[in-house]
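Q: I've got a model open and want to learn how to read its pockets and packing. Can you walk me through it?

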Amino acid sequence: MKKVIFLACLCCTLFSCENVEKKAGEKLQAAREAFEQGDYSQAKILIDSIKILYPKAFETRREGIGLMQQVELKEQEKTLAYLDSLLQKKREELEAIKGKFILEKDAEYQKTGNYLHPSQVIEKNLHRSFLRFQVNEDGVMSMTSIYCGANNIHHSGVKVIAPDGSFAETPTSRDSYETANLGEKIEKADYKIGEDGNVIGFLYLNRDKNIRVNYLGERPYSTTMTATDRQAVSGIYELAQILSSITQIKKEMEEANLKIEFVRRKMQEKEQAQQG
């Protein structure tokens with residue numbers, strides 16, 4: 001009697017295992033079909049569901065791991081192709097406008113150069129107090145408040161004000177210095193975008209308006225941005241958007257290549273294990 005019961009239980013267990021593998025196999029087949037159709041998200045969902053719904057379907061789960069690697073590989077290759085096309089488009093945009101700017105770069109000492117608007121090169125702006133804008137080749141934009149006068153004001157920030165009274169104000173600059181030349185006091189303070197109190201963004205949005213610039217220091221001083229300076233911030237800002245996009249795309253492409261390399265290595269290791 002006990003033997004009969006044991007055999008009956010064994011048969012039930014075997015039948016149950018076969019049933020589980022069958023249902024899991026149906027999920028895996030659906031995942032394969034989704035993969036072949038290019039629906040990688042659905043394929044990944046179906047593969048993941050096998051582990052959740054049929055944890056004891058060991059053979060099917062092993063096959064699912066192999067399919068998941070193929071999905072991830074194709075997914076990254078598709079992402080890489082998209083990023084490459086996007087990079088080419090951004091490079092074309094850069095080529096179309098970069099001739100409007102001057103690239104200052106000392107190849108011997110600088111790894112990354114800076115683009116300036118032609119109207120704002122130092123040689124053309126001696127003895128003038130103004131806001132100067134630049135962007136490096138990686139797309140990081142910055143602003144420098146330059147003061148020239150008979151007396152120091154010891155400024156470390158600026159406040160820019162639009163005709164309607166709206167304004168933006170920098171925090172205290174992390175990089176400022178003072179010097180003198182033939183009795184003229186010269187002060188400079190630098191502000192990177194993101195650490196500028198949104199002054200750069202404010203100036204871009206109000207690029208067609210007269211902007212008053214208040215220097216924040218021990219002594220009051222103010223000036224008005226010229227139309228040329230407003231044109232400079234507008235042009236450099238738009239150039240920065242393109243350059244920063246190119247930098248970000250390159251970073252994402254590098255990450256995609258690393259993921260592809262990782263998946264291929266895992267696939268190779270699995271193949272070698274099966275052969276061994």
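Q: What volume does the second largest pocket have?
A: The general idea first: rolling a probe the size of a water molecule over the atoms shows where empty space is left. In this predicted model, the second largest pocket comes out at about 190 Å³.

Q: Which residues line the second largest pocket?
A: The lining consists of R91, L94, Y115, E137, D138, L243, I246, T247 and K250. Both α3 and α5 give two or more residues to that lining, and α5 has the largest share with 4 residues. By class you get 4 nonpolar, 1 polar and 4 charged residues.

Q: At what angle do the axes of α3 and α5 cross?
A: The axes of α3 (residues 58-97) and α5 (residues 227-275) cross at roughly 155° and come within 8 Å. Angles over 145 degrees count as roughly antiparallel, so α3 is roughly antiparallel to α5. The crossing is left-handed, and the contact between α3 and α5 has 18 nonpolar, 6 polar and 13 charged residues.

Q: What about the largest pocket: which residues lie nearest its centre?
A: Those are S142, D190, Y191, K192 and E195, out of 17 lining residues. The volume of the largest pocket is about 280 Å³, and its lining divides into 5 nonpolar, 7 polar and 5 charged residues.

Q: In which sense does β8 pair with β7?
A: In a regular strand the side chains alternate between the two faces of the sheet. Here β7 (residues 175-181) and β8 (residues 184-192) pair in the antiparallel sense over 7 bridges, with D175 opposite D190. The two strands form a hairpin with 2 residues between them, and L182 in the turn has a positive phi of about 55°.

Technical notes
Residues are numbered from 1 along each chain as its sequence is written. This is a predicted model: local features need pLDDT of at least 70, side-chain atom pairs count only at pLDDT 80 or more; totals for chains, interfaces and linings use all residues. Side-chain values use heavy atoms; hydrogens and water are left out. Axes are lines fitted to C-alpha atoms, for helices over the stretch in contact, and angles run from 0 to 180 degrees between N-to-C directions. Angles under 35 degrees count as roughly parallel, over 145 as roughly antiparallel, 65 to 115 as roughly perpendicular and the rest as oblique. A crossing is left-handed if the near helix is turned anticlockwise from the far one by less than a right angle, and right-handed if clockwise. Ala, Val, Leu, Ile, Met, Phe, Trp, Tyr, Cys and Pro count as nonpolar, Asp, Glu, Lys and Arg as charged, and the others, Gly among them, as polar. Two strands pair if DSSP finds at least two bridges between them. On a 1 Å grid over the protein atoms alone, a cavity is a set of points where a 1.4 Å probe fits but cannot get out, and a pocket is an open set with protein on both sides within 12 Å along at least five of seven lines; lining residues have an atom within 4 Å of a point. Grid points are joined across faces, edges and corners, and a volume is the space filled by probe spheres set on the points.
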